[in-house]
Every structure is written in C-alpha cells, then in structure tokens.
Amino acid sequence: MSASSPGRMSKIVELWLESCGQRYSLSEVGPDFVVLRKSAAVPSGPATVVIDIEGQLKQSLVQVLPTDNAHSLHIPFSRA
C-alpha cells in the first residue's frame with residue numbers, strides 16, 4: 001500500500017526521557033533501553049520515558065542503569 005493511499009495518515013510522535021529535571025530527546029525506545037538524539041551524560045536513577053502520539057501521552061517509570069560511557073547515545077534501563 002502506498003503512503004498516499006486514502007485512510008492512511010502519518011502521526012506526529014515525540015519521544016523523550018525525563019531525568020533529574022532534564023528532558024532528553026529520543027530517537028528510539030526499546031524494551032530495556034532508549035537511544036538519545038544527542039549524546040549526553042544521563043545520571044543513573046529514576047526517570048520517566050514519555051511517548052507523545054499526537055498529544056496522547058504514555059509515560060513509563062524506569063530506572064536508568066549505570067553505563068561505562070559518560071556521554072552515550074544508548075541508555076539502558078530497568079522497569080520501575
């Protein structure tokens with residue numbers, strides 16, 4: 001089915017991680033990790049993964065796990 005087919009529309013999706021008062025834009029959310037759009041030092045500890053699909057928010061509480069790399073794109077977490 002082509003992208004211009006009737007009945008199919010693109011949705012606007014935003015992904016981000018909230019941790020320690022900071023908001024980190026995401027490019028991908030996996031079952032136990034996120035991928036940041038820009039590398040950053042995300043502290044380990046409690047955080048929230050937010051998925052916004054055209055204004056409908058889905059939030060998941062997670063525990064960011066420590067990483068070896070201070071500025072990483074791949075951030076592992078466990079479910080809170």
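In this predicted model, Val64 stands opposite Phe77, which belongs to β6. The two strands concerned are β5, residues 56-64, and β6, residues 72-79; they pair in the antiparallel sense over three bridges. In general, strands of a sheet pair through backbone hydrogen bonds, in either a parallel or an antiparallel manner.

This pairing is part of a wider arrangement. Six strands close into a barrel, with antiparallel pairing, in the order β1-β2-β3-β6-β5-β4. On average, neighbouring strands of this sheet are turned by 45 degrees against each other, direction ignored.

| Strand | Residues |
|---|---|
| β1 | residues 13-19 |
| β5 | residues 56-64 |
| β6 | residues 72-79 |

Strand β1 includes Ser19. Is this residue, Ser19, buried or exposed? Ser19 has a relative accessible area of 2%, which is under the 20% limit, and therefore counts as buried. Leaving aside residues up to four places away in sequence, Ser19 touches Tyr24, Val42, Pro43, Pro46 and Ala47.

For the chain as a whole, buried residues make up 32% of the 80 residues. The chain exposes about 5,600 Å², of which carbon and sulfur atoms supply 52%. Among contacts in the chain with a separation of 6 or more, 43% are accounted for by residues 24 or more positions apart.

Note on methods. Residues are numbered from 1 along each chain as its sequence is written. This is a predicted model: local features need pLDDT of at least 70, side-chain atom pairs count only at pLDDT 80 or more; totals for chains, interfaces and linings use all residues. Side-chain values use heavy atoms; hydrogens and water are left out. Two strands pair if DSSP finds at least two bridges between them. Helices (H or I, at least four residues) and strands (E, at least two) are DSSP runs, numbered from the N terminus. Axes are lines fitted to C-alpha atoms, for helices over the stretch in contact, and angles run from 0 to 180 degrees between N-to-C directions. Buried means under 20% relative accessible area, exposed over 50%, partly exposed in between (1.4 Å probe, protein chains only). Contact means heavy atoms within 4.5 Å. Accessible areas come from the Shrake-Rupley method with a 1.4 Å probe; for residues, only the protein chains shown count as cover.
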